Amino acid sequence: MTDTVKLVSLAVATPEHVIFQKQAVEASARLFADRFEDFRHLARVFDSAGIEKRHAARPLAWFDEPHGWQDRMQAFAEVAGGLFVEAASSALRQAGLEASDVDCVVTVSSTGFTTPSLDAQLSRRMGFRPDIERVPVFGLGCAAGVSGFAIASRLARSRPGTVVLFVSIELCTLAFRLDELTRPNIIATALFGDGAAACVLRSGEDGLAEVESTGEHLFPDTLDIMGWKIDDGGFGIVLAQSLPPFAEKELGPAVGAILARNGLKPEDIDRFICHPGGTKVLVAMESALSLVPGTLDHERAVLAEYGNMSSPTILFVLERAIRAGLPERSAMIAMGPGFSASCVTLRRAA
């Protein structure tokens, strides 16, 4: 049997609550303007973020009150569990499979956690077999949509015929902090939303696309660019102003090196499918990848409709690219904490 791995199906899901950007800026002004003198200057990011609305795990009024770890993680377990079932069930249904057909499930998230992990807590509800292999992955941030997809594809390739379910879930809004009077917290309030996506990967099967290659690049001495600081109140965003210029300078050579290790060149890629971290990041990525400004149109559309959902966002972009028709070869690109870049190349399925 061939060791070619195919993306068999892809499904996305979002929480029920919707926050329009106008509501977000009004709520933020009410909560921060009298306590943080730089707020009015920083509030311009709500207009420049390119976001019209996003989905949230809790209604807007929930964010008016302070919340600790217990509140946040109870909300994560409840909402992430529902999104896991919705996205995974849809992906399996599209693939013509049952949950009992799944041999391995890879789950990524960096915005909440449960122990036992979500896959175990939802095993009976989903209908997984007792011998299913579980690979929960935490801490890869925005890059996890690509790097987790790569992990799942390598597991599928290592055992032909194995059904691997990949699930990406992030509830970024649960990290909202009333007590963080900082520039990164205001920017995060303007940018982030919640969502989930699921994929079925399998070797030797028909599918939407062939997974051709995977690779990552970890930049040295860049721990302060992106991540979480963790204290008694919960997660606190680490987000450096240097991110867009860093990406513009460093991403191109990193992606070029990843592609070269797989016998490819940037000019071999017909369409880059990128994680839309924000409008400035998209402009930087277009420059870094030598793309015509405005090329990343699916990315901007997803950002406008959903905000930056961290790891699943790239899969929302991929879903749109598939609906529009994938070219011969595409490359998914995402950056995340570390600071790191992840890349997966896809070939159009015959």
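The model is predicted. Its largest nonpolar core has 89 residues. A second, separate core has 35 residues.

**The nonpolar cores**
- Within the largest core, F84, M126 and L165 have the most contacts.
- Helix 4, residues 69–95, gives this core its largest share, eleven residues.
- F84 touches M126, one of several contacts beyond four places away in sequence.
- Also among the residues that F84 touches are V105, L122, F128, V167 and I169.
- The contacts of F84 include S89, T107 and D119 as well.
- The second core includes L7, C104, A144 and L201.

**Helix 10 and its cover**
- Helix 10 spans residues 279–288.
- Its buried residues are V281, L282, A284, M285, E286 and A288.
- What covers these buried residues? The cover includes helix 9 (243–261) and helix 11 (297–306).
- Strand 11 (271–274) and strand 12 are also part of that cover.
- After helix 10 comes S290, which has a positive phi, near 60 degrees.

**S330 in strand 12**
- Strand 12 runs over residues 329–336 and contains S330.
- Is S330 buried or exposed? Its relative accessibility is 1%, and buried means under 20%, so S330 counts as buried.
- Leaving out residues up to four places away in sequence, S330 touches I269, R271 and I273, along with V344, T345 and L346.

Key: Residues numbered from 1 in each chain as written. Predicted model: local features only at pLDDT ≥ 70, side-chain atom pairs only at ≥ 80, totals over all residues. Heavy atoms only, no water. Helix = DSSP H or I, 4+ residues; strand = E, 2+ residues; numbered from the N terminus. Buried < 20%, exposed > 50% of the residue type's maximum accessible area, 1.4 Å probe, protein only. Contact = heavy atoms within 4.5 Å. Core = buried A, V, L, I, M, F, W, Y, C linked by side-chain atoms within 4.5 Å.
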